[in-house]
Amino acid sequence: MMQNVHLAPETDEDDLYSGYNDYNPTYDTEELENDTGFQQAVRTSHGRRPPSKTSLTSSVGRPMTGAIQDGVSRPMTAVRAAGFTKAALKGSAFDPLGQSRGPAPPLEAKNEDSPEEKIRQLEKKVNELVEESCIANSCGDLKLALEKAKEAGRKERVLVRQREQVTTPENINLDLTYSVLFNLASQYSANEMYAEALNTYQVIVKNKMFSNAGILKVNMGNIYLKQRNYPKAIKFYRMALDQIPSVHKEMRIKIMQNIGITFIKTGQYSDAINSFEHIMSMAPNLKAGFNLILCYFAVGDREKMKKAFQKLIAVPLEIDEDDKYIAPNDDPHTNLVIEAIKNDHLRQMERERKTMAEKYIMTAAKLIAPVIETSFAIGYDWCVEVVKASQYVELANDLEINKAITYLRQKDFNQAVDTLKMFEKKDSRVKSAAATNLSFLYYLENEFAQASSYADLAVNSDRYNPSALTNKGNTIFANGDYEKAAEFYKEALRNDSSCTEALYNIGLAYKKLNRLDDALDCFLKLHAILRNSAQVLYQIANVYELMDDPNQAIEWLMQLISVVPTDSKVLSKLGELYDSEGDKSQAFQYYYESYRYFPSNIEVIEWLGAYYIDTQFCEKAIQYFERASLIQPTQVKWQLMIASCFRRSGNYQRALDTYKDIHRKFPENVECLRFLVRLCTDIGLKEVQEYATKLKRLEKMKEIREQRIKSGRDGSGGSRGKREGSAGCDSGQNSSASSKGERLNAKLRALPGTNEPYETSSNKEIDASYVDPLGPQIERPKTAAKKRTDEDDFADEELGDDLLPE
């Protein structure tokens, strides 16, 4: 039995209590101040202490209790009062927050050379470039926007390569890549680089990692539409439509609208009608309704046009009524609120939407009214009735006025006047518009009294109507009261500063008043508004001409020629100015250009003929005088000039035939008989006696007639000695020579004389040394042509005033 009993060994009595004073050095509080780990834990914000390898249990396996060892109290094991340490027992200050230990050590500096930091900085730079590109595009600087987008694309590719080196491919920022590519494609498209834009969109669409990238096929379809590649545009629109879920109803409607417009471009109106009909059934809008009317108009379906117009009228505008913006008088707070919102951005958007709706409806009505019924008047009446029954009641009156304007286009003025007179009892706005049109009609018919009456009615109905004020000024202008007319034009400009008609008319009034500086100021202001207006450019040139500044006039006429290069009047005016400046070559160039575009201008023909005579090319002058004789066959002067040119060029036979032809047409022309007598005598023809007898008889009749005129006027001096013997008139007819005739007189000095008395020659052969019995001829103006030493026997003669234009 004793075999399993283990006896304790024999030891000293003191050994029985050994181990009780042994304790874990962790609980030794004597050396805590020198314990580095403990002091570091106290200084940290969390109070964490580095782990110790020393076991927290005693040798007997339990923590020490609150026994006092060597008279020093140890910390409590379960609950410890904050701020009470052994140091406090020794008299240190109370500092629970540890402020006496000084500031915290500085944060560790970032390592900018680390790959992660480089990637973050590069990503930030890419985002900044994309933003700068978008801002440049919104500011209109498309080139800078494209450059920024390209730079963002290059940096983004560098970023992707760096990410692949540092992290796994799954950590690549796909959103950033998508935004960079999308922005680049948009900038390519904005700069009309469509091939590059399509390639960039293809990169996005084909990448399966980009979710919802299929919607960008709409953008690709838009590019193909701009390129007029309509089949591909329709294909991409339909591909985009297939990838957009049905919950995005508004997006699908917009794509279908694009498809319908593309079908219209290709002339496939039936397919376009299907698209727009679907839109009007699902979500009706103004654009789709108007396009549907256009399609039905193209196919000529009257009934469908009417139904589509009714659908367009029924489209809701979804805007507030105007009554909402009428402020009540008793509530100042409400008045302030309404004053703030009555012209804000939302209100402006509502006005724009309403204006757009009215424009679509008016355009559609004017389009279909002439074709939906047997006559356009009945069609307009139907449209007016439909509009009156809708929310656009005020458009009915505008349609009636358009009906009157249509009558005007068809030159049915009576119907137009009757239609406009129906508005005399309507409200002031419509009455003013109708009266303005009536005033304009009567003004065109030169019935200034009626025009003034209706202009007064228009002004009284609406004093702020610039068109009415302008028409009133026009009626006063026609009566010659330019100062008062200018006042009405000024009032029209005060009401509407963009009324270009009033500004133009003020310039005309100032010209009439000889206030050329004010007129020039008005026309220059108008030129700043209407840069390519031919009328304004001509008025500026004309004012400079009146101010005796031909160089400025020529400069502005050159600008006018760039706008209307085939205007013969402007070309002839340029020729006239160069002629007045003495530049004959430039004058000839512009006169000749004017003749090419309008070969029936007598003044231009006259100048060209005189120019060739002046330069001693009489043969070339003949064709211009022949054309003048065709234009004015009853004027003998052109045919006399032709005969004189033949004589001067040495073709005496042609000259004789021409004079004989003139005598047959104008038997009472004295000048023609004088030359016939001279030519027949010098050539030796037998008809000389016959022509001499006729000449004497005509001269005797002329003397008798002049004596009668002299006695009838009691010896008063008249402008006798003028041209006699034209067709259908007697030789005593007098007229004052025009300025053009005086100019031609100076040009034709070199022609043989026509008003010299006849002197019979006894020689049978042409005498080259023929001496005029009246003495030497006045020397003609010198020209650039070289003077000939041997002149023919008619070279010393002068063409008299009686052959010049009257």
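In helix 7 (residues 217–226), the buried residues are Lys 217, Val 218, Met 220, Gly 221, Ile 223 and Tyr 224. Buried means under 20% relative accessible area, exposed means over 50%, and partly exposed lies in between (1.4 Å probe, protein chains only). Helices (H or I, at least four residues) and strands (E, at least two) are DSSP runs numbered from the N terminus. This is a predicted model, in which local features need pLDDT of at least 70 and side-chain atom pairs count only at pLDDT 80 or more, while totals for chains, interfaces and linings use all residues. Residues are numbered from 1 along each chain as its sequence is written, and side-chain values use heavy atoms, with hydrogens and water left out.

**Around helix 7**

- The cover over the buried residues of helix 7 includes helix 5 (174–190), helix 6 (194–206), helix 8 (230–243) and helix 9 (249–266).
- Arg 228, which follows helix 7, has a positive phi, near 65°.

**Asn 471**

- Asn 471 lies in helix 20 (residues 466–478) and is buried, with a relative accessible area of 11%.
- Leaving out residues up to four places away in sequence, Asn 471 touches Thr 436, Ser 439, Phe 440 and Ala 455; contact means heavy atoms within 4.5 Å.

**Thr 436**

- Thr 436 belongs to helix 18 (residues 428–444) and counts as buried at 9% relative accessibility.
- With residues up to four places away in sequence not counted, Thr 436 touches Ala 458, Asn 465, Ser 467, Ala 468 and Asn 471.
- The C-alpha atoms of Thr 436 and Pro 466 are separated by 9.9 Å, and the two residues are 30 residues apart along the chain.
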